[in-house]
Amino acid sequence: MFEPVHGSAPDIAGRGIANPVGAIWTAAMLLDHLDHPEAAAEVEQAMAAVLARTGIRTPDLGGTATTEEFTRTVLEFVGR
């Protein structure tokens with residue numbers, strides 16, 4: 001089973017401020033497990049690039065980006 005393990009966070013549910021890194025990283029692990037290491041690496045590299053090269057951060061990391069904004073930015077970096 002591939003899922004990020006965390007609490008249900010009822011205090012932030014529906015607010016769009018959850019950090020999606022765990023879910024994205026879990027997806028990369030699933031791709032690797034399914035023998036798609038190149039795709040897994042692309043996802044991991046995109047996530048790392050967003051954190052290293054941009055100021056896009058969810059509130060728990062000191063930023064103001066929503067869950068959706070962070071995820072969209074990661075998707076923009078996939079395949080670069």
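The largest nonpolar core has 11 residues: Val21, Ile24, Ala28, Val43, Ala46, Met47, Ala49, Val50, Phe70, Val74 and Phe77. A nonpolar core is a set of buried Ala, Val, Leu, Ile, Met, Phe, Trp, Tyr and Cys residues joined through side-chain atoms within 4.5 Å. Each of H1, H2 and H3 supplies at least two residues of this core, and H2 gives the largest share, five residues. The model is predicted, so local features need pLDDT of at least 70 and side-chain atom pairs count only at pLDDT 80 or more, while totals for chains, interfaces and linings use all residues. Residues are numbered from 1 along each chain as its sequence is written, and side-chain values use heavy atoms, with hydrogens and water left out.

**Helices**

- Helices (H or I, at least four residues) and strands (E, at least two) are DSSP runs, numbered from the N terminus.
- Helix H1 covers residues 21-33, 13 residues in total, and reaches 18 Å from its first C-alpha to its last, close to the 18 Å expected at 1.5 Å a residue.
- The expected span of a helix is 1.5 Å times one less than its number of residues.

**Buried residues and packing**

- Buried means under 20% relative accessible area, exposed means over 50%, and partly exposed lies in between (1.4 Å probe, protein chains only).
- In H1 the buried residues are Val21, Ile24, Thr26 and Ala28, and they pack against helix H2 (37-53) and helix H3 (67-77).
- The buried residues of H2 are Ala40, Val43, Ala46, Met47, Ala49 and Val50; their cover includes H1 and H3.
- Alanine 49 is in contact (heavy atoms within 4.5 Å) with Thr54 and Phe77, leaving aside its neighbours within four places in sequence.

**Surface patch**

- Phe2, Trp25, Met29, Leu30 and Leu34 form a nonpolar patch on the surface, with about 470 Å² of accessible area together.
- Patches are made of residues with over 30% relative accessible area and no salt bridge; like charges are joined within 9 Å, and nonpolar side chains (Val, Leu, Ile, Met, Phe, Trp, Tyr) within 5 Å.
- Accessible areas come from the Shrake-Rupley method with a 1.4 Å probe, and for residues only the protein chains shown count as cover.
- Phenylalanine 2 is found in the segment before H1 and is partly exposed, at a relative accessible area of 33%.

**Loop aspartates**

- Aspartate 35 lies in the loop between H1 and H2, where this residue takes a positive phi of about 65 degrees just after H1.
- Aspartate 35 counts as exposed because its relative accessibility is 63%.
- The C-alpha atoms of aspartate 35 and alanine 49 are separated by 23 Å, with the two residues 14 apart along the chain.
- Aspartate 60 sits in the loop between H2 and H3 and, at 51% relative accessibility, counts as exposed.
- From aspartate 60 to tryptophan 25 the C-alpha distance is 17 Å, and the pair is 35 residues apart in sequence.

**Salt bridge**

- The structure holds one salt bridge, a term that requires a side-chain nitrogen of Lys or Arg within 4 Å of a carboxyl oxygen of Asp or Glu.
- Arginine 72 and glutamate 68 form a salt bridge, with the closest N and O atoms 2.2 Å apart.
- These two residues are four apart in helix H3, so about one helical turn separates arginine 72 from glutamate 68.
- Arginine 72 counts as exposed at 52% relative accessibility, whereas glutamate 68 counts as partly exposed at 45%.
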